[in-house]
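Trainee: I am new to this structure. Please show me how to read its features.

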Amino acid sequence: MKKVTTATLCKMKQDGDKITVLTAYDTSFAKLFDEQGIDVLLIGDSLGMVLQGHDDTLPVSVDDICYHTTAVRRGVNRALVIADMPFMSYATVEQTYNNAAKLMAAGAQMVKLEGGSWLLEAISGLTERGIPVCGHLGLTPQSVHVLGGFKVQGREQKQADSLVEQAIALQNAGAQMLVLECIPRALGQRVTEAVNIPVIGIGAGPETDGQVLVMHDMLGISANYMPKFSKNYLQHTGDIRDAVKHYIKEVREGSFPGPEHSFE
């Protein structure tokens with residue numbers, strides 16, 4: 001199978017083929033997911049919650065992400081590998097460049113940053129320096145204390161309009177992919193249609209170009225709780241490989257997420 005690149009993902013969007021994404025944190029699971037045909041693996045700062053047991057993602061360090069990125073990359077032959085830039089690792093442009101370079105050296109093929117218009121200079125600079133960028137809008141977990149908790153974003157018209165504008169701005173600055181988290185289904189569709197780059201949803205409805213889940217949620221083994229937008233595929237299959245295959249199948253055919261996993 002050919003390696004997945006940013007060009008692959010753009011063509012998938014153009015062709016209407018859904019993109020499948022899972023988080024991964026070690027070589028064994030990365031290899032298993034890759035062999036089942038997952039398109040993208042994300043080393044998420046979610047590791048702070050599902051691996052380290054924190055209440056949020058804020059304690060995760062760049063070194064943590066680098067360590068797990070190196071492990072994941074060793075297990076991958078096909079999937080594109082994206083690494084999260086953790087909390088306060090991109091507070092300034094210079095800091096962004098330095099930490100993004102560390103993640104790329106660790107094996108990432110793209111970095112993901114949370115936030116809107118304040119990131120435009122950094123995204124433009126990273127792109128010019130050969131580092132692909134994935135944006136992240138909607139519920140941005142690193143801003144959980146500003147947002148007042150893990151709440152659905154974009155329900156008010158003004159907030160929704162702003163999110164669309166920011167998505168377009170991120171694209172124009174050079175972002176090559178976008179994650180939308182915990183927003184109304186209609187807004188997910190609106191953003192997806194407004195930009196030319198692939199849009200990956202997590203609690204953003206089935207109309208986005210693809211879906212991402214935290215692997216621990218997809219397997220029903222998260223220590224805290226199961227988010228509304230997730231589904232326990234291991235419960236329905238009894239086998240990890242079959243669970244991943246079923247997740248990929250449902251995303252590609254458009255049956256996941258269903259209405260019960262989406263926000264109106």
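Mentor: Some ground rules come before that. This is a predicted model, where local features need pLDDT of at least 70, side-chain atom pairs count only at pLDDT 80 or more, and totals for chains, interfaces and linings use all residues. Residues are numbered from 1 along each chain as its sequence is written, and side-chain values use heavy atoms, with hydrogens and water left out.

Trainee: How much space lies in the largest pocket?

Mentor: Take the idea of a pocket before the number. On a 1 Å grid over the protein atoms alone, a pocket is an open set of points with protein on both sides within 12 Å along at least five of seven lines; a cavity is a set where a 1.4 Å probe fits but cannot get out; lining residues have an atom within 4 Å of a point. Grid points are joined across faces, edges and corners, and a volume is the space filled by probe spheres set on the points. Here the largest pocket holds about 570 Å³.

Trainee: Which residues lie nearest the centre of the largest pocket?

Mentor: They are S46, E181, V214, D217 and F229, out of 33 lining residues. Elements giving two or more residues to this lining are α3, β4 (110–114), β6 (177–181) and β8 (210–213). Helices (H or I, at least four residues) and strands (E, at least two) are DSSP runs, numbered from the N terminus.

Trainee: How do the residues of that lining divide by class?

Mentor: Learn the classes, then count. Ala, Val, Leu, Ile, Met, Phe, Trp, Tyr, Cys and Pro count as nonpolar; Asp, Glu, Lys and Arg as charged; the others, Gly among them, as polar. The lining of the largest pocket has 18 nonpolar, 7 polar and 8 charged residues.

Trainee: What lines the second largest pocket?

Mentor: There are 21 lining residues, with G115, G116, W118, T140 and S143 nearest the centre. The space in this second largest pocket is about 350 Å³. α8 (157–173) is one of the elements that supply at least two lining residues. Its share, 4 residues, is the largest. By class, this lining has 9 nonpolar, 11 polar and 1 charged residues.

Trainee: How many cavities of 30 Å³ or more does the structure hold?

Mentor: It holds 1. The largest cavity has a volume of about 50 Å³. Its lining includes V21, K112, C134 and V212. β2 (40–43) and β6 each give two or more residues to that lining. The classes are 9 nonpolar, no polar and 1 charged.

Trainee: Which strands pair with β8?

Mentor: Two strands pair if DSSP finds at least two bridges between them. β1 (residues 19–23) runs parallel to β8, joined by 4 bridges. L22 has L213 as its bridge partner in β8. β7 (residues 199–202) also pairs with β8 in the parallel sense, over 2 bridges. There, G201 stands opposite Q211.

Trainee: Which way do the residues of β8 point?

Mentor: G210 and V212 point one way, Q211 and L213 the other, and all are buried. Buried means under 20% relative accessible area, exposed over 50%, partly exposed in between (1.4 Å probe, protein chains only).

Trainee: How many disulfides does the search find?

Mentor: A disulfide is a pair of cysteine sulfur atoms within 2.5 Å. The search of the whole structure finds 0. For C10, the nearest cysteine sulfur is that of C134, 12 Å away. C10 is partly exposed, at 24% relative accessibility. C134 is buried, at 1%.

Trainee: Is T57 buried or exposed, and what does T57 touch?

Mentor: T57 is buried, with a relative accessible area of 4%. Contact means heavy atoms within 4.5 Å. Not counting residues up to four places away in sequence, T57 touches D45, S46, M49, P141 and Q142. T57 sits in the loop between α3 (47–50) and α4 (62–74).
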